[in-house]
Amino acid sequence: MITKMSITNIYVINQDSAYDFYVNKLGFKLVDDIPMGPGTRWLTVSPPEQPDLQIVLFPITVSKMFPKETAETMIALIRKGTFGCGVLQCNDIFATYEELKAKGVEFMKPPTKEFYGTEALFKDDSGNYFSLQPKESLEPKG
Amino acid sequence: MISMAEHYPKVYLYRRIVQAKLFMDNHYADKIDLDNISDEAYFSKFHFIRLFKTIYGKTPHQYLTAVRIEKSQQLLRTGKPVSEVCFLVGFDSLTSFSGLFKRTVGISPSTYFANQQRIKSQIIKTPFAFIPGCYAHQNGWLENSNFEEVNL
């Protein structure tokens with residue numbers, strides 16, 4: 001029986017810039033930042049109120065895992081904004097939107113009333129995008 | 001689909017509260033007079049505190065204290081001594097800092113500092129003990145390491 005998700009990946013183009021985005025702009029908590037040889041580190045963060053979910057800010061570099069062609073394809077797709085990385089929850093979407101905008105986060109959609117609730121869309125520093133929704137938009141309807 | 005970008009309720013109110021929050025995030029090390037913050041936000045103090053609490057779940061004072069304690073943990077992790085950290089995050093008394101830290105974090109700042117130093121030296125000695133083996137293996141990080149030292 002699977003009990004929970006412990007670790008997940010977000011593929012990023014540059015770890016220094018991803019650190020700045022996720023920790024300084026989004027306010028995620030740094031869990032680990034351990035050097036792993038030249039140009040690579042084990043860099044993980046958690047959403048502020050979810051300390052038991054570790055998100056690995058996984059760099060796309062030519063390595064055992066990513067042969068050159070794969071790495072180039074992934075970087076191109078991420079930059080193009082192909083990948084949605086999930087829904088992030090907030091208490092107040094308007095305050096969160098104003099704060100992230102003030103910090104320079106690029107929004108593809110400001111808070112917008114959809115049939116399923118209020119939602120905004122923003123991109124990370126690599127090109128991955130997230131949906132931002134308040135708790136009430138994510139609660140089961142009916 | 002109705003865009004609410006510039007039309008959601010009380011947009012200017014939101015901006016002022018957010019500016020006050022960002023002010024505290026950026027100036028936690030300074031003496032912050034919360035009365036001045038509500039003045040800058042053009043609110044009565046009572047109205048400001050109420051709105052701030054509705055949005056962030058804490059009064060401005062509680063929020064500022066939480067930011068200071070959070071920042072102090074970050075600084076202690078970097079190896080700065082407790083006596084220095086206390087003033088770097090805007091407290092002017094070591095006793096009140098230590099008391100608040102213990103109440104929030106559950107241990108004293110000096111115990112926290114010692115624990116973090118211990119973890120740091122363990123990470124340097126056996127980094128792979130802190131990384132899930134599956135990731136280290138997949139990345140080929142284990143190939144050049146000494147397995148004998150790893151205590152998983």
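This is a predicted model: local features need pLDDT of at least 70, side-chain atom pairs count only at pLDDT 80 or more; totals for chains, interfaces and linings use all residues.

Biologist: What does Lys29(A) pair with?

Modeller: Glu70(B), at 3.4 Å from N to O. Glu70(B) sits in helix H4 (residues 60-77) of chain B and Lys29(A) in strand E2 (residues 29-35) of chain A, so this pair joins two chains.

Biologist: And Arg15(B), what's its partner?

Modeller: Glu98(A), with N and O 2.9 Å apart. That pair also crosses between chains, from helix H1 (residues 11-27) of chain B to helix H3 (residues 93-102) of chain A.

Biologist: Is Glu98(A) buried or exposed?

Modeller: Buried, at 6% relative accessibility. Arg15(B) is partly exposed at 21%. The cut-offs are under 20% relative accessible area for buried, over 50% for exposed and partly exposed in between (1.4 Å probe, protein chains only).

Biologist: Which residue does Lys21(B) bridge to in chain A?

Modeller: Glu99(A), the closest N and O atoms being 2.7 Å apart. Lys21(B) also meets Asp25(B) in a salt bridge at 3.0 Å. Those two both lie in helix H1 of chain B, four residues apart, about one turn of the helix. Lys21(B) is buried at 8%, and Asp25(B) is buried at 17%.

Biologist: Which residues make up the network there?

Modeller: Glu99(A), Lys103(A), Lys21(B) and Asp25(B) are the ones linked by salt bridges.

Biologist: Switching to the interface: how much area do the chains bury?

Modeller: About 2,600 Å² between chain B and chain A, 65% of it on carbon and sulfur atoms. Buried area here is the accessible area (1.4 Å probe) that two parts lose on being put together, summed over both. The contact (heavy atoms within 4.5 Å) takes 32 residues from chain B and 29 residues from chain A.

Biologist: Now the hydrophobic side. How many residues are in the largest nonpolar core?

Modeller: It has 54 residues, and those with the most contacts inside it are Tyr22(A), Leu57(A), Phe122(A) and Phe97(B). H1(B) gives the largest share of this core, seven residues. A nonpolar core means a set of buried Ala, Val, Leu, Ile, Met, Phe, Trp, Tyr and Cys residues joined through side-chain atoms within 4.5 Å.

Biologist: What does Phe97(B) touch?

Modeller: Leaving out residues up to four places away in sequence, its contacts include Ile69(B), Val82(B), Val85(B) and Pro109(B).

Biologist: Last one: where is Asp92(A)?

Modeller: In the loop between strand E5 (84-90) and H3 of chain A. Asp92(A) is buried, at 14%, and touches Tyr14(B) and Ile55(B), not counting residues up to four places away in sequence. A polar atom of the Asp92(A) side chain lies 3.1 Å from the backbone nitrogen of Phe94(A).

Technical notes
Residues are numbered from 1 along each chain as its sequence is written. Chains are lettered from A and ligands numbered from 1 in the order in which they are written. Side-chain values use heavy atoms; hydrogens and water are left out. A salt bridge is a side-chain nitrogen of Lys or Arg within 4 Å of a carboxyl oxygen of Asp or Glu. A polar contact is a pair of N or O atoms within 3.5 Å; within protein, one must be able to donate a hydrogen and the other to accept it, and residues adjacent in sequence count only if both atoms are side-chain atoms.
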